Amino acid sequence: AAGSWHVVDYKSDKIASAGEIAAHAERYELQLRLYAHAAGLHLGQPVADASLYFLRPAATHQITADAAALKKATAEAASLAKELIASRRSGSFEHRRDKKCRWCAYGALCGARG
């Protein structure tokens, strides 16, 4: 009614308990902030807020989507893109061995998964 926009990203992760929501949400924060940034550009005004909605267990997790958070997200995405381009050009993919490895689809490139 106030003319504000809210970005919602629906996730179908299988979450056993409400205590796991924050850990799952952390994986998607950069993605959702980039969605919020893109939506703001498209709409010509910043979005009011953003959230993840986990279908199982039917729970919402708010993500900070203020100007500072979106600026940081776009800078992080640009840095990651530069790293990826450099890795593709060199054929060398550094294995960072962090918590994201479990879900990364490119583990075979860096040797994280055989």
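So, Lys 11 and Asp 9: these two make a salt bridge, and their closest N and O atoms sit 3.1 Å apart. Keep in mind that what you're looking at is a predicted model. Now, are these two buried or exposed? Lys 11 comes out at a relative accessible area of 10%, and Asp 9 is at 10% relative accessibility. The cut-off for buried is under 20%, so Lys 11 counts as buried, and Asp 9 counts as buried as well.

How many salt bridges does the structure hold? Three. Let's go through the others.

Next up is Asp 13 with Arg 27, where the side chains meet at 3.5 Å, N to O. Here the pair ties together parts that are 14 residues apart in sequence, because Asp 13 belongs to strand 1 and Arg 27 to helix 1. Asp 13 is buried, at 12% relative accessibility, while Arg 27 is partly exposed, with 28% relative accessible area.

Then there's Arg 33 with Glu 29, with 3.6 Å between the closest N and O atoms. Both of these residues are in helix 1, four residues apart, and that's about one turn of the helix. Arg 33 has a relative accessible area of 17%, so we call it buried. Glu 29, at 23% relative accessibility, goes down as partly exposed.

Okay, let's step back to the fold. We've got three helices and three strands, and if you walk along from the N terminus the elements go β-α-β-β-α-α.

The strands make an open sheet, in the order 1-2-3, and the pairing is mixed. Which strands stand at the edges? Those are strand 1, residues 6-14, and strand 3, residues 59-63. Each of them has a single partner strand, so one side of each has no neighbour in the sheet. On average, neighbouring strands here are turned by 25° against each other, if you ignore direction.

And what about helix 1, residues 21-43? It packs on the sheet and touches strand 1, strand 2 and strand 3. The direction of helix 1 makes about 145° with that of strand 1.

If you zoom in on strand 2, residues 49-56, you'll see that strand 2 and strand 3 run antiparallel, with five bridges joining them. For a landmark there, find Tyr 53, which stands opposite Thr 60 in strand 3.

While we're on strand 2, Leu 55 lies in that strand too. Leu 55 has 46% relative accessibility, so it counts as partly exposed. Together with Val 8 and Tyr 10, Leu 55 forms a nonpolar patch on the surface, with about 290 Å² of accessible area for the three together.

Last bit, the overall numbers. The protein has 114 residues, and 26% of them count as buried. The accessible surface is about 7,900 Å², and 55% of that belongs to carbon and sulfur atoms. If you take the principal axes, the C-alpha atoms fill a box of roughly 50 × 35 × 20 Å. And for contacts between residues at least 6 apart in sequence, 58% join residues at least 24 apart.

Conventions: Residues numbered from 1 in each chain as written. Predicted model: local features only at pLDDT ≥ 70, side-chain atom pairs only at ≥ 80, totals over all residues. Heavy atoms only, no water. Pairing = 2+ DSSP bridges. Helix = DSSP H or I, 4+ residues; strand = E, 2+ residues; numbered from the N terminus. Axes fitted to C-alpha atoms, helices over the stretch in contact; angles between N-to-C directions. Contact = heavy atoms within 4.5 Å. Patch = residues over 30% accessible without salt bridge, like charges linked within 9 Å, V, L, I, M, F, W, Y side chains within 5 Å. Areas by Shrake-Rupley, 256 points an atom, 1.4 Å probe, with all protein chains shown as cover. Salt bridge = Lys/Arg side-chain N within 4 Å of Asp/Glu carboxyl O. Buried < 20%, exposed > 50% of the residue type's maximum accessible area, 1.4 Å probe, protein only.
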